[in-house]
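Biologist: Can you walk me through this one? I will ask as we go.
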Amino acid sequence: MSILISPDTKIIVQGITGAFGAKHAQLSLDYGTKVVAGVTPGKGGQFFEHNGAKVPIYNSVADAAKATGATVSVIFVPPPFAGDAILECVDANLDLAVAITEGIPIKDMVRVKRAMAGSKTRLVGPNCPGIVTPGTGKDSSGGCRIGIAPGYIHKKGHVGVVSRSGTLTYEAVFQLTSKGIGQSTSVGIGGDPVNGTSHLDVIKLFNADPDTHAIILIGEIGGNAEVEAARWIKANCKKPVAGFIAGATAPAGRRMGHAGAIVGGAEDTAAAKIAVFKECGIEVAVTPSDMADALLRSAKAKGVTLS
Amino acid sequence: MNIHEYQAKALFEKFGVPAPKGAAAKSAAEFDAALASLPEGATMVKSQIHAGGRGKGTFTNGFKGGVKFCPTKAEAREKAAAMLGNTLVTVQTGPAGRKVQTVYFTAASDIKKEYYLAILLDRVTSRPVIVASTEGGVEIEKVAHDTPEKIHKVIVDPAFGLADFQVRELIFALGFAGAEAKNAARLIRNLYAMFWETDAAMVEVNPLITTPTGEVLALDAKVSFDDNALFRHPEIVALRDLNEEDPKEIEAAKANLSYIALDGNIACLVNGAGLAMSTMDIIKYFGGSPANFLDVGGGASKEQVVAAFKIILGDPNVKGIFVNIFGGIMDCNVIALGIVEAVKEVGLKLPLVVRLEGNNVIAGKATLAQSGLALVSGDTMADAAQKIVQLVA
């Protein structure tokens with residue numbers, strides 16, 4: 001088991017003929033992920049070929065979903081057109097749209113999120129590294145890799161990882177794998193102020209997943225999503241949880257790379273979020289190098305063995 | 001992207017948001033023409049810099065106050081001359097202050113009462129929020145903390161836009177009636193239209209004022225825009241004032257690097273925003289002080305690494321460099337080659353600690369080892385951070 005995606009999940013890649021989309025479609029195919037269709041308007045009928053795989057390209061997400069039975073799409077479409085690409089997934093009734101694109105105007109995301117209200121489609125991202133459910137093959141291949149994360153650093157196991165940041169996710173996953181601890185699913189929710197899936201949404205999924213035995217929650221300055229997740233964990237989650245917040249040294253009022261990483265007031269500083277984590281029983285990693293160790297401390301305290 | 005008050009007021013005029021009549025001057029030669037366009041009598045002189053706290057600021061030449069009330073135009077001309085070309089230090093500028101390159105004259109208004117009005121993104125609902133208060137002209141954070149009941153918020157549904165009942169809600173909350181109510185309603189609607197149509201990140205009017213004759217005016221204006229949406233607003237991009245930005249940040253943006261100058265002495269070069277932030281944090285954790293935030297992105301080229309080195313070495317405060325790369329997909333050897341090339345090009349007299357991990361890391365480490373560069377390798381982020389802190393101390 002895992003959350004959101006499994007090795008059997010069939011994937012569409014929107015923007016498969018662009019350099020970025022093509023490169024990561026190839027890496028996902030190499031990982032053993034079922035990339036069953038590509039979408040590039042105007043290139044329908046062509047094929048995306050890689051190492052013997054021949055992925056059909058369609059003009060629309062609806063066509064691709066209908067022809068292949070795919071339920072998930074990953075979006076590599078440039079920022080001005082990415083909002084539209086997300087809504088196309090909603091229109092095609094997909095289960096999940098994962099938007100990798102960085103730099104989508106906030107207003108576009110405000111409108112997209114409003115338009116998605118009540119639909120069955122879940123959005124992860126934008127400006128995110130994607131989702132990985134590791135497989136059982138060499139370097140965790142045979143799993144489902146959606147997006148741009150390095151597949152080889154993973155290991156199949158029972159720790160759920162959720163983060164706004166790509167590289168911090170990799171850091172956490174790599175630490176776990178180096179210690180022989182595998183992951184159920186790793187989810188990057190993205191660094192934008194308006195995103196589809198929150199920390200809390202993912203925490204709820206991990207909590208309900210019997211195959212996830214422990215959780216690493218990685219956040220940063222700005223907004224209150226980490227606080228909301230921490231309070232819910234305190235009330236509802238019995239699994240060991242370790243947390244890390246980036247941006248303790250960030251000056252107020254400056255955007256630190258991520259559009260959403262900005263201190264607006266006293267409540268969204270790293271110190272304030274870390275205080276809430278501690279209050280909610282989350283084991284705080286003192287540095288990013290301490291994330292896996294923090295989880296081990298939490299697991300030990302709760303009598304949970306991780307593997 | 002931020003703009004000046006005088007530019008924001010020009011946008012206000014375009015969108016029908018009433019403000020006192022004003023005119024900007026970039027040189028003393030422009031004072032007369034600017035003042036001539038305003039009505040006779042009391043005039044305000046306002047220093048134009050991208051920082052708050054101007055009124056209570058002090059110039060480095062000792063002149064007090066970046067915003068002045070002047071009973072006559074002659075005095076306004078005199079005060080403007082004292083401000084223009086001089087450096088203003090406020091609570092938001094830091095000790096270095098900002099050079100005033102433009103002054104803005106406005107007709108002084110008779111103030112009956114001051115209010116607060118702002119529009120920004122509400123991150124909890126992912127919708128625009130209008131924030132209003134009867135307590136204007138003061139720090140809104142303080143009002144929110146001390147008297148939260150005096151802060152009124154209206155969340156706007158982006159599918160419908162600002163509804164009339166919501167405008168009425170704000171009008172009643174602020175206690176407007178008669179002509180004031182009518183004028184305030186129009187101002188709020190027009191300000192929202194401006195926020196929405198220009199892809200603003202925040203529009204803040206503090207204070208919003210009423211006058212004895214029933215006018216409702218935006219006395220001040222602070223406006224910033226969503227950088228991601230600038231591609232569709234060339235008219236907004238044209239308002240950008242590079243004088244207000246750190247030259248190193250401008251240089252970095254040209255090389256497609258995300259860089260923010262800080263006041264420490266250990267420069268960082270990192271891939272990914274989250275890792276870049278936590279690299280600063282870990283330096284501080286081990287007793288050092290970061291000189292910058294620098295994210296070279298997920299697909300950095302050799303050229304970008306060279307550009308990044310030049311930028312961080314351009315900061316005279318820097319006493320050591322910490323390169324922290326987790327190459328997921330990014331090839332660690334590309335980074336290593338970039339480091340070697342950069343050091344050859346710019347020379348290196350400072351301690352350099354490199355932590356490489358991830359894709360093709362063995363080749364990357366070999367490149368660094370064979371280069372003969374005097375650099376120190378770190379195994380983990382914590383190990384590397386401790387090493388650079390020790391070398392700089």
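Biologist: How far apart are the C-alpha centres of domain 1 and domain 3 of chain B?
Modeller: In this predicted model, those two centres in chain B lie 42 Å apart.
Biologist: And where do the domains of chain B run?
Modeller: Domain 1 of chain B covers 21–107, domain 2 covers 113–237 and domain 3 covers 247–392.
Biologist: How is chain A divided?
Modeller: Chain A has domain 1 at 10–124 and domain 2 at 155–301. Their C-alpha centres lie 27 Å apart.
Biologist: How many residues does each of them put into the contact?
Modeller: Domain 1 of chain A gives 7 residues and domain 2 of chain A gives 7 residues. On the domain 1 side, helix H4 (106–116) and strand E7 of chain A each supply at least two residues. H4(A) gives the most there, with 4 residues.
Biologist: What classes of residue are on that side of domain 1 of chain A?
Modeller: That side, which touches domain 2 of chain A, has 5 nonpolar and 2 charged residues, and no polar ones.
Biologist: How does the radius of gyration of chain A fit a compact globule?
Modeller: It agrees: a compact globule with 307 residues would be near 19 Å, and chain A has 19 Å. Buried residues make up 62% of the 307 residues in chain A. Among contacts in chain A with a separation of 6 or more, 68% come from residues 24 or more positions apart.
Biologist: What is the order of strands in the open sheet of chain A?
Modeller: The sheet has 7 strands in the order E3-E4-E2-E1-E5-E6-E7 of chain A, and the pairing is mixed.
Biologist: Why is one side of E3 and of E7 in chain A left without a neighbour in the sheet?
Modeller: Strand E3 (47–50) and strand E7 (122–124) of chain A stand at the edges with a single partner strand each, so one side of each has no neighbour in the sheet. The twist averages 25° from one strand to the next.
Biologist: Do E5 and E6 of chain A run parallel or antiparallel?
Modeller: Parallel. Strand E5 (residues 72–75) and strand E6 (residues 96–99) of chain A are joined by 4 bridges. A:Val72 stands opposite A:Leu96 in E6(A).
Biologist: Which helix packs on the sheet?
Modeller: Helix H1 (residues 19–31) of chain A does, touching strand E1 (10–14), strand E2 (34–39), E3 and strand E4 (53–58) of chain A. The direction of H1(A) makes about 160° with that of E2(A).
Biologist: Then what is phi at A:Asn93 and at A:Ser140?
Modeller: Positive: near 60° at A:Asn93 and about 65° at A:Ser140. A:Asn93 is in the loop between helix H3 (79–91) and E6 of chain A, and A:Ser140 is in the loop between E8 and strand E9 (144–147) of chain A.
Biologist: Is A:Ser140 buried or exposed?
Modeller: Buried, because 26 other C-beta atoms lie within 10 Å. A:Asn93 counts as partly exposed, with 13 C-beta neighbours inside 10 Å.
Biologist: Last one. Where is B:Ala307, and which residues does B:Ala307 touch?
Modeller: B:Ala307 lies in helix H10 (residues 302–313) of chain B. Leaving out residues up to four places away in sequence, B:Ala307 touches B:Ala255 and B:Leu257. B:Ala307 counts as buried, with 21 C-beta neighbours inside 10 Å.

Note on methods: Residues numbered from 1 in each chain as written. Chains lettered and ligands numbered in written order. Predicted model: local features only at pLDDT ≥ 70, side-chain atom pairs only at ≥ 80, totals over all residues. Pairing = 2+ DSSP bridges. Axes fitted to C-alpha atoms, helices over the stretch in contact; angles between N-to-C directions. Contact = placed C-beta atoms within 7 Å. Domains from an automatic or database assignment. Buried ≥ 20, exposed ≤ 12 C-beta atoms within 10 Å, placed from the backbone. Rg over C-alpha atoms; globule rule 2.2 N^0.38 Å. Nonpolar A, V, L, I, M, F, W, Y, C, P; charged D, E, K, R; others polar.
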